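Dear colleague,

My notes on it follow.

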Amino acid sequence: MSLVVVGSLAFDTIETPYGRRERIVGGSCTYFSLAASFFTHPKIVGAVGEDFPEEVISLFKKRGIDTQGLEIKAGKTFHWEALYGEDPNQRKTIKTELNVFKDFSPQLPKSYQDADIVFLANIDPDLQDDIVSQVKKPKIVAMDTINLWINTKPRSLLRVLEKIDMFFANEEEIRMLTEEPNIIKAGKKILSKGPSYAAIKKGEHGAMVLGKDFIFSVLAHPCENVIDPTGAGDSFGGGFMGYLDKVKSFSQREIRRAAVYGSVLASFTIEDFGIERLRSLTPQEIENRFLQFKRLVSF
Ligand code: AMP
């Protein structure tokens with residue numbers, strides 16, 4: 001099978017109780033593809049400016065990520081600034097500078113058009129829509145988003161929602177989008193619009209997957225020092241979809257296991273700033289933590 005992801009590649013300025021980092025590499029596509037690369041060879045679609053480090057593009061290639069759909073444009077890379085308080089589940093966006101994404105019109109390379117799985121990571125919903133229309137016959141299309149798009153482009157977002165199979169969002173976003181405070185009801189509202197699954201991320205409380213006939217809950221790995229929560233959601237998505245691409249099955253059993261692998265990848269990302277922990281991560285560490293998750297909920 002093959003997995004295509006469209007999303008942001010970014011410079012992030014992040015402040016958490018553990019420190020501040022200026023313009024470190026981030027972005028929804030970056031976290032997603034690095035996490036997914038432990039299971040498969042994701043094909044990325046996105047744009048960066050000429051200021052984006054060559055070294056990170058080499059890292060993508062080294063990890064088996066296909067960068068044919070990555071455009072290097074004249075101008076500056078997307079920049080996002082966020083502030084986290086003591087509660088890692090709460091963050092404040094200080095700044096979003098779209099830069100090269102302002103006039104980005106993605107063109108899927110031919111070799112991407114037969115993708116089996118498409119992940120529309122957090123990016124302008126009009127770009128997400130554009131990508132969906134360029135893929136021939138995907139088996140599963142999933143999407144993620146962020147509050148900025150729920151607030152500024154709700155119609156575009158709802159149009160994409162009707163075309164997809166799996167919706168990823170955090171608690172705050174799904175409540176905002178559905179105007180429903182109870183997340184089970186909110187998830188069911190999403191399913192009534194077309195998707196077969198809603199994956200609701202709950203930060204340090206784990207995640208929940210709602211299907212038409214099942215609910216699955218997964219805990220988050222107990223982590224005492226959340227250094228930088230940025231990218232946890234995208235790493236969850238990358239582990240989740242990367243695993244599904246690897247096992248070539250969308251059975252309920254595999255979807256449950258995919259949610260656990262998603263949580264495992266997210267639990268590593270938050271242990272350091274930016275993509276640092278994903279750089280040093282090994283398959284053995286992933287398997288060990290997967291087994292720890294099993295022990296955690298065994299009774
Ligand atoms: P997460 O912590 O998984 O929700 O995702 C954080 C990543 O999303 C950061 O690395 C940002 O660069 C990226 N990001 C933040 N806002 C946006 C936006 N409006 N569009 C696209 N990507 C964004």
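How many bridges join strand 6 to strand 7, and do these strands run parallel or antiparallel? Strand 6 and strand 7 (residues 91-97) run antiparallel and are joined by 6 bridges. Please bear in mind throughout that the model is predicted.

The ligand site

The ligand is surrounded by 19 residues, and the closest are Ser8, Asp12, Gly27, Gly231 and Asp234. By class, the shell holds 9 nonpolar, 7 polar and 3 charged residues. Four elements each contribute at least two residues to this shell: strand 2 (10-16), strand 6 (78-84), helix 4 (147-152) and helix 8 (232-247). Helix 8 provides the largest share, with 3 residues.

A polar backbone atom of Gly233 lies 3.1 Å from an oxygen atom of the ligand. For Trp80, an N or O atom of the side chain is 3.4 Å from a nitrogen atom of the ligand. On its own, the ligand has 510 Å² of accessible area, and the protein covers 95% of this.

Backbone angles

Arg23 has a phi near 45° and sits in strand 3 (residues 19-26). With a relative accessible area of 38%, Arg23 is partly exposed, because this value falls between the limits of 20% and 50%. Glu179 has a phi near 55° and is found in the loop between helix 6 (171-178) and helix 7 (183-191). Glu179 counts as exposed because its relative accessibility, 70%, is over 50%.

Cysteines

A search of the whole structure returned 0 disulfides. Cys29 has a relative accessibility of 0% and therefore counts as buried, the cut-off being under 20%. Cys223, at 23%, is partly exposed.

With kind regards

Technical notes
Residues numbered from 1 in each chain as written. Predicted model: local features only at pLDDT ≥ 70, side-chain atom pairs only at ≥ 80, totals over all residues. Heavy atoms only, no water. Near = heavy atom within 4 Å. Polar contact = N/O pair within 3.5 Å; in protein donor to acceptor, adjacent residues only side chain to side chain. Areas by Shrake-Rupley, 256 points an atom, 1.4 Å probe, with all protein chains shown as cover. Nonpolar A, V, L, I, M, F, W, Y, C, P; charged D, E, K, R; others polar. Disulfide = S-S within 2.5 Å. Buried < 20%, exposed > 50% of the residue type's maximum accessible area, 1.4 Å probe, protein only. Pairing = 2+ DSSP bridges.
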